[in-house]
Structures are given as structure tokens and as C-alpha cells.
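Hi,

Here is the structure I said I would pass on.

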Amino acid sequence: MNLDAAMRAAIEQADRVKGRTYPNPPVGAVILDSEGEVAGVGATSPAGGPHAEVLALRRAGRRAIGGTAVVTLEPCNHVGRTPPCVDALVEAQVSSVVYAVADPNPIAAGGAGRLAEAGIEVTAGVLSESVAGGPLREWLHKQRTGLPHVTWKFATSVDGRSAAADGTSQWITSESARADVHRRRAAADAILVGTGTVFVDDPKLTARLPDGNLADNQPLRVVVGMREISPDAQVLNDDTRTMVIRTRDPHEVLKALADRTDVLLEGGPTLAGAFLRAGLIDRILAYVAPILLGGPITAVDDVGVLSIAHAQRWRFDGMQPLGPDVLLSLTPT
């Protein structure tokens, strides 16, 4: 297996544990033996458990000697709840370590230098864009800004309507698109909506499996706004935890969620507009269905744009077919 293929396998491992590793980053690791064959794989455990490299080394056993460790993030160089991963790699006698992204956390950084001092060949930057824009996107944003990464997710007709003129919206998109939404919910730390969405749609805001059962990982449900919601609202059921934040200020919302990394904004047009005006949307995921609805109910309200010269500019960073629909991923320019 070449290094790019091994890194893609490590990325797959990291993707599988997104939403389950907080506050640690979701990291994947692959150990290749001296012949270049996969000897062990691993991903970050829940907080307090082994890191990806340690699990992969355990599974590789003595086949790790003289082999190569391929990791999505620079191995850590500090003692936290677990010993430094660099120590485990040195003790396992690997001959080389390959990683995608340098650790921006000054407390944990320096692993590459420690490994080089131990005589281990180190290669950095392999598929770095795929990792930084993939499993580590939200964690790296939190490291840079100190704020949770906010993704605005919405479903819309091709003409930008989030509901028909009579308010009906189930279902604009296909079963394939809805399954993708639930997969992303299960990988998020929190799902955010306004009180208006609770009143109109009475959502559960849970992550569900294709068979309708609850996913193992459930994000925190967050309701924002000044109005009281009914104690019988489904968002307050016992499926998972719920936080109610009495404010309309997006900055106050993120302050209340400061301990979170990955926030999925699923609110209606008013809440989305407020976050866009505040410049607090880091990514847009638009599920677009090939239908026309017309009418007055759009996906977003006022975003503070008075003329085309002041339009918010975004760039596409991904497009994915989902059944008859398409998922568009956008980031700020």
C-alpha cells in the first residue's frame, strides 16, 4: 500500500469516530509493516481512552517493528489523560512516521521533532488538504479561533424555497439526502434551532439510523430564542439532552456553546439570517432537490445585503449527488 492509500485509510478511520472523541480531535492511524502491508489500524477513543496511534500499534504488534505509521495528525508530545503518542511510536520501533497536518496546539505540538531525535524518519503534509477539509475541519477551526465551527444545513427546492406556500416542507429532499443529514447529526456536538422551528415543525432533532432507531451518538439539542416552548415539545423528550438559550444574539449563543467544537445549525430563515449577518457561519451544506415550489418561504431571511456589490461571497468546496438531489458544500471566500 502506498502512502496516499494508507492516509486515505487513516482518514476513513477518523471519519468513523467523528462526534465521539470530544474534546480530543478525531484522528485515524494505519501501521504498515516493513513490507508495506497493513498491520493495524486505529482511531481516537472517547476522552480518556487510547489515541489512534496506540490502538493501531496494539493491533499491529511486532509487525510494527521497522514499519511505517501513517497518521492524520502529528503525533502528540504531551502527557494528558494518556501518555504521549510519540513514546508509543518510539517504543514500537517503527522506522518512519507520516502525518497529514501539524498539531496547532502548542501544548501537544513537537511530536515530529521528538520522533526525528529518536532516529525515526518523519514525513509531513501527505493529503493534508483532505484531512484539514475533512475529519479535522471543525477541530482545526476551534484551535485557530477558540470558537465552535458552525455549519448551516438546509434543504431547499431548486428555486431556493424551504417550504411550499402553505408551509408544508416534508419532504423536499429524498430519503438519501435525509440519511446523510442523520449521519452528520451523529457526528456533530450540537444541533441548533430557533424557537420558531420548534413551534412550526416540532422536531425531535435526533440522529437516527436507516431503520429509524436512535444512533449511538446523539448531539446536544439547542433551542435559541426568547419565547417559551411547550414542555410537551419533542425536542424536550428523553432521547438525548437539550439546552435552551434565552437570547437572539448569535455571539451569545456561541459563548454558551464555547465548550463544543462542531455545531450544526438547522434553524429556519430567521436564525440563519442572524448568524450570516454576524459572520458566524463557517460552512454551508445545501441539500437541493430538483423541484420548483415558488411562494414566499425562502431558506434564509435578511442577511444584511442591500445591493449586489455587497453580496456575501462563498466558494464551492464540494458537490455530491444524493439520489435525485445534490449536496452543495460552501465555505467563505
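Below are my notes on the sheet, the helices on it, a few ring contacts and some annotated positions.

First, the ground rules: this is a predicted model, where local features need pLDDT of at least 70, side-chain atom pairs count only at pLDDT 80 or more, and totals for chains, interfaces and linings use all residues. Residues are numbered from 1 along each chain as its sequence is written, and side-chain values use heavy atoms, with hydrogens and water left out.

Eight strands make up an open sheet with mixed pairing, in the order 9-8-7-10-6-11-13-12. At the edges sit strand 9 (242–245) and strand 12 (314–322), each pairing on one side only. Helices (H or I, at least four residues) and strands (E, at least two) are DSSP runs, numbered from the N terminus, and two strands pair if DSSP finds at least two bridges between them. On average, neighbouring strands of this sheet are turned by 20° against each other, direction ignored.

Strand 11 (residues 283–289) and strand 13 (residues 325–332) run antiparallel and are joined by five bridges. I284 has L330 in strand 13 as its bridge partner.

Next, the helices. Helix 6 (residues 137–145) packs on the sheet, and its direction makes about 135° with that of strand 6 (149–157). Helix 10 (residues 269–277) also packs on the sheet, making about 110° with the direction of strand 7 (190–194). For these angles, axes are lines fitted to C-alpha atoms, for helices over the stretch in contact, and the angles run from 0 to 180 degrees between N-to-C directions.

Two arginines lie over rings: R178 over the face of W171, at 4.4 Å from the ring centre, and R260 over the face of Y22, at 5.9 Å. The rule is that NZ of Lys or CZ of Arg is within 6 Å of the ring centre and within 35 degrees of the ring normal.

Finally, the UniProt record (an unreviewed entry) places the feature "binding site" at R185, L205, R208 and E266. Its positions are given in the numbering used here, feature names are shortened, and annotations may be inferred rather than shown by experiment.

Is L205 buried or exposed? L205 counts as buried because its relative accessible area is 3%, where buried means under 20%, exposed over 50% and partly exposed in between (1.4 Å probe, protein chains only). E266 is buried too, at 11%, and lies in the loop between strand 10 and helix 10. L205 touches residues including R185 and E266 (contact means heavy atoms within 4.5 Å).

Cheers

Conventions
Lists of a residue's contacts leave out its neighbours within four places in sequence.
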